[in-house]
Amino acid sequence: MLYLIGLGLGDEKDITIKGLEAVKKADLVFLESYTSILGIDRESLSSFYGKEVVEADREFTEGAKEILSLAKTKNVAFLVVGDPFSATTHTDLVLRCRKEGIQVEVFHNASILNAVGKCGLQLYKFGETVSLVFFTDSWKPDSFYDKIARNRAAGLHTLCLLDIKLKEPNLESLARGKVVYEPPRMMTISHAIQQLLDVEDSRKQQGKII
């Protein structure tokens with residue numbers, strides 16, 4: 001059995017009562033730290049839940065082989081910041097469980113997709129959500145620009161999800177057969193705006209401004 005449990009956006013006390021009951025029943029508890037991060041440390045969760053909480057990084061989460069293997073014979077709780085279905089990574093995990101005949105129970109919670117209403121903008125007036133990733137010298141995906149432009153043309157707001165890099169391997173080290181991780185990075189608003197302006201400048205030069 002896999003329990004996919006949303007933690008909400010605050011601290012260890014934002015879990016729902018049903019979610020907490022599932023954690024208490026679980027044989028193993030993992031905290032997904034790839035798609036988002038919580039504002040408290042893992043030890044605080046372990047203390048409050050009365051269970052050891054093990055970090056699940058990108059490799060563990062996307063590979064999912066160990067999770068699936070464990071969930072076939074044990075009750076596994078997989079903790080997710082926000083709501084479990086706010087990220088496609090977790091939807092994929094559920095689909096893989098169903099394919100292998102593993103039972104899944106989902107416990108929903110608040111996510112940024114609805115909490116953004118706190119800023120005073122009506123949720124009904126938001127268009128397609130976009131993700132902004134860190135550009136590299138050789139990789140600068142810019143489809144987010146077109147989506148923001150379409151939302152604006154339709155009179156809609158855009159929620160922009162900014163990239164986080166918590167355990168990214170250094171590519172040069174990998175090429176030499178060594179695994180060395182880059183320092184953690186979280187995209188700032190100013191960095192995101194600069195990337196947006198860079199894309200706009202590039203589009204102007206190509207005559208592709210929408």
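Modeller: Start at Ala 64, in the loop between α3 (58–63) and α4 (65–71). Helices here are DSSP runs of H or I, at least four residues; strands are runs of E, at least two; both are numbered from the N terminus. This is a predicted model: local features need pLDDT of at least 70, side-chain atom pairs count only at pLDDT 80 or more, and totals for chains, interfaces and linings use all residues. Residues are numbered from 1 along each chain as its sequence is written, and side-chain values use heavy atoms, without hydrogens or water.

Ala 64 has a positive phi of about 65°, yet is not a glycine. Most residues other than glycine have a negative phi. Ala 64 counts as buried because its relative accessibility is 2%. Buried means under 20% relative accessible area, exposed over 50%, partly exposed in between (1.4 Å probe, protein chains only).

Now another loop residue. Glu 12 lies between β1 (2–6) and α1 (17–25). Glu 12 is buried too, but has no salt bridge. That bridge would need a side-chain nitrogen of Lys or Arg within 4 Å of a carboxyl oxygen of Asp or Glu. Lys 13 is the nearest side chain of opposite charge, 5.6 Å away. Lys and Arg count as positive, Asp and Glu as negative; His and the chain ends are not counted. Beyond its neighbours within four places in sequence, Glu 12 contacts (heavy atoms within 4.5 Å) Ile 40, Ser 44, Leu 45, Phe 48 and Tyr 49.
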